[in-house]
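User: I would like to go through this structure and ask what each label rests on. Please set the values against the cut-offs as we go.

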Amino acid sequence: MDTTTPPKPDDARRQRSANLRTALVFASIAVVFFVGIITTKWMGGPTIGIGVMGVAVLVFLVFAIGRNVRK
Amino acid sequence: MSSIPHDHAAAHGEGPDGHAHHPTGIMRWITTTNHKDIGTMYLWFSFTMFIVGGCMALTIRAELFQPGLQVVNPEFFNSMTTLHGLIMVFGALMPGAVGFANWMIPMQIGAPDMAFARMNNWSFWLLPPAAILLVGSLFVPGGAAAAGWTMYPPLTIQAGMGMDFTIFAVHIMGASSIMGSINIITTILNLRAPGMTLMKMPLFCWTWLITAYLLIAVMPVLAGAVTMLLTDRHFGTTFFNAAGGGDPVLFQHVFWFFGHPEVYIIILPAFGIVSEIIPTFSRKPLFGYASMVYAVAAIAILSFIVWAHHMFTTGLPTAGILFYMYATMLIAIPTGVKVFNWLATMWKGSLTFEAPMLFAIGFLFLFTLGGFTGLVCAIQPIDVQIQDTYYVVAHFHYVMVAGTLFAFFGGTYYWLPKWCGRMYDAKLAEAHFWLSFVFFNVTFFPMHFLGLAGMPRRVPDYAQQFADWNMVASIGSFGFGFTQLLFFYIVVKAIRSGAKAPAKPWEGATTLEWTVPSPAPYHTFETPPFVK
Ligand SMILES: [Cu+2]
């Protein structure tokens, strides 16, 4: 195990915006689930609710797995 | 790949060396953005809540020591079962896991800190107000919530203002969990040291990454469910209120959409801890690393499609029953993969049985038993008989206590030398294990018999034929409770006067955290290590 050269300030800025992007993606997923569950219940029967949440879960899984596969 | 020490130093008002001007005393803890400080606070908070929830459990067991009503009135008894569940799940087990994550994830992936250090502070400091709301609700008119930790309507629509306290507490703890999860995901995805590919990460980091994904998906759903409860209670909506055309069973669907993944949120970090301990004390690499990662992912994905196994008696269509039954049983496959991999790791290893390993092996035995009774519950024709009986109580305590809590004890004994730089009394720690192991089984094994014989859960009184095993369980529970005072003593004694710990007290340990001195310096890996 050895050490690399110290990081440049530019790297730090890029790192921070990458972090922010990741956080925003996941925060928006959380918002979709929170608003989604309430609006689907608001709109009507269990079929719509389960359908909408099912699609949300699928998209989430595809995204979550896809992101890691790419790396 | 870079680290971010510069802006951290600026954000802390630290000097250029990054170490000057720390606030001291209480202000250090209130304003800290250091992952180690925050991890420590999470762990102490978790232990405090464990004691509070444990006292409630002992109140329950004291009342159930004999048939009849002796100790508390039935309303208070119901509050005890409700708060015990909420406090143990949201106050003790989840924050405990986050405490381990805060301490260990940055050190295991070679990151200088969590990605969002100030949000990390905020995540923690949301918890004490939530705990105060929960415990404080005992003192409001009408008493604390008493409808069970699952908060089913219609009871929770009719209950007093203690329920509102509970709803707000759940909101706050949910927000804390979501922020913590975003932090963990970002840290793991973006801050790994050069060379630390995802498939080289210690398994503890993997289990937490997947746990955080689960939390992001299901905590907002729980928040939505209790928000709808709140509007049903106060703003005239009728989501779950049958009187206005709502459907109480709908709440159960939404709650268990959260509730089942929640079980894995609690157990996966424990899997991670055990997967660190067993290879170390077997002096062999973890058997089947990649299959372990895929098994954890498979468990997480399956956890989204099994929730209605909690609702087999609500009148599901037959096709639904069959689907949820088989889907639930499928989870046994990835879980079995993990158990066999742990066994294969130990196979022909040069095993030693220090306290962390004892707890890991205790976990292996008892968690597997709890997983097995879960399969029994998953068989719908059997579940119709045993749902809401003590069999279910026995099942999930084998998973939550002998599973997660034992893993937390093991993890504490494993990493305590790294945290505080001192060794603990090994003999006492082994005594802690054996006493916990025996008293745990004395408490919870008889509950299988009680449940099979038909004793319902959440009742303060019971028929005469259940008396003997209840007495045994109550005796065991007090033994288990007092044993945990020994744990407190062991930890405090180690912190105050333990022998100095070397950087790597366990010769078989291989992960990055053991390359830094003990206690771990306030800042580690400010220049990222290179992982080959
Ligand atoms: Cu479940």
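## Labels and the values behind them

Analyst: The lining of the second largest pocket divides into 23 nonpolar, four polar and three charged residues. Please keep in mind that this is a predicted model.

User: What makes a residue part of the lining of the second largest pocket, and which residues lie nearest its centre?

Analyst: A lining residue has an atom within 4 Å of a pocket point. The second largest pocket has 30 such residues, with B:Thr40, B:Leu43, B:Trp44, B:Leu416 and B:Trp419 nearest its centre. Two or more residues each come from H2 (26-31), H3 (35-63), H4, H16 (390-420) and H18 (467-497) of chain B. H3(B) contributes the most, eight residues. The volume of this pocket is about 680 Å³.

User: How many cavities of 30 Å³ or more does the structure hold, and what makes a space a cavity?

Analyst: There are three cavities of 30 Å³ or more. A cavity is a space where a 1.4 Å probe fits but cannot get out, whereas a pocket is open.

User: What lines the largest cavity?

Analyst: Its lining has 18 residues, and those nearest the centre are B:Met94, B:Pro95, B:Val98, B:Ser176 and B:Ser177. In chain B, helices H4 (74-109), H8 (162-190), H9 (203-234) and H10 (248-282) each supply two or more residues to the lining of the largest cavity. H8(B) has the largest share, with six. By class, 13 residues are nonpolar, five are polar and none is charged.

User: Why is B:His260 called buried, and why B:His309?

Analyst: Buried means under 20% relative accessible area. B:His260 has 6% and B:His309 has 12%, so each counts as buried.

User: Is B:Ser518 buried or exposed, and how do you know?

Analyst: B:Ser518, in the segment after H18 of chain B, has a relative accessibility of 8%; the cut-off for buried is under 20%, so B:Ser518 is buried. B:Ser518 touches B:Pro417, B:Lys418, B:Gly421, B:Lys500, B:Ala501, B:Pro502 and B:Ala503, leaving out residues up to four places away in sequence.

User: What makes the pair B:Ser518 and B:Lys418 a polar contact?

Analyst: A polar contact needs N or O atoms within 3.5 Å, one able to donate a hydrogen and the other to accept it. The side chains of B:Ser518 and B:Lys418 form one at 3.0 Å. The side chain of B:Ser518 also reaches the backbone oxygen of B:Ala503 at 3.5 Å.

User: Which kind of peptide bond runs from B:Ser518 to B:Pro519?

Analyst: That peptide bond is cis, with omega near -5 degrees. Another cis bond joins B:Pro153 and B:Pro154, with omega about 5 degrees. B:Pro154 lies in the loop between H6 (127-136) and H7 (155-158) of chain B.

User: Why is B:Arg283 called partly exposed, and why B:Asp388?

Analyst: Partly exposed covers the range between buried, under 20%, and exposed, over 50%. B:Arg283 has 26% and B:Asp388 has 37%, so both labels hold. Each has a positive phi without being glycine: near 55 degrees for B:Arg283 and about 65 degrees for B:Asp388.

Definitions and conventions:
Residues are numbered from 1 along each chain as its sequence is written. Chains are lettered from A and ligands numbered from 1 in the order in which they are written. This is a predicted model: local features need pLDDT of at least 70, side-chain atom pairs count only at pLDDT 80 or more; totals for chains, interfaces and linings use all residues. Side-chain values use heavy atoms; hydrogens and water are left out. On a 1 Å grid over the protein atoms alone, a cavity is a set of points where a 1.4 Å probe fits but cannot get out, and a pocket is an open set with protein on both sides within 12 Å along at least five of seven lines; lining residues have an atom within 4 Å of a point. Grid points are joined across faces, edges and corners, and a volume is the space filled by probe spheres set on the points. Helices (H or I, at least four residues) and strands (E, at least two) are DSSP runs, numbered from the N terminus. Ala, Val, Leu, Ile, Met, Phe, Trp, Tyr, Cys and Pro count as nonpolar, Asp, Glu, Lys and Arg as charged, and the others, Gly among them, as polar. Buried means under 20% relative accessible area, exposed over 50%, partly exposed in between (1.4 Å probe, protein chains only). Contact means heavy atoms within 4.5 Å.
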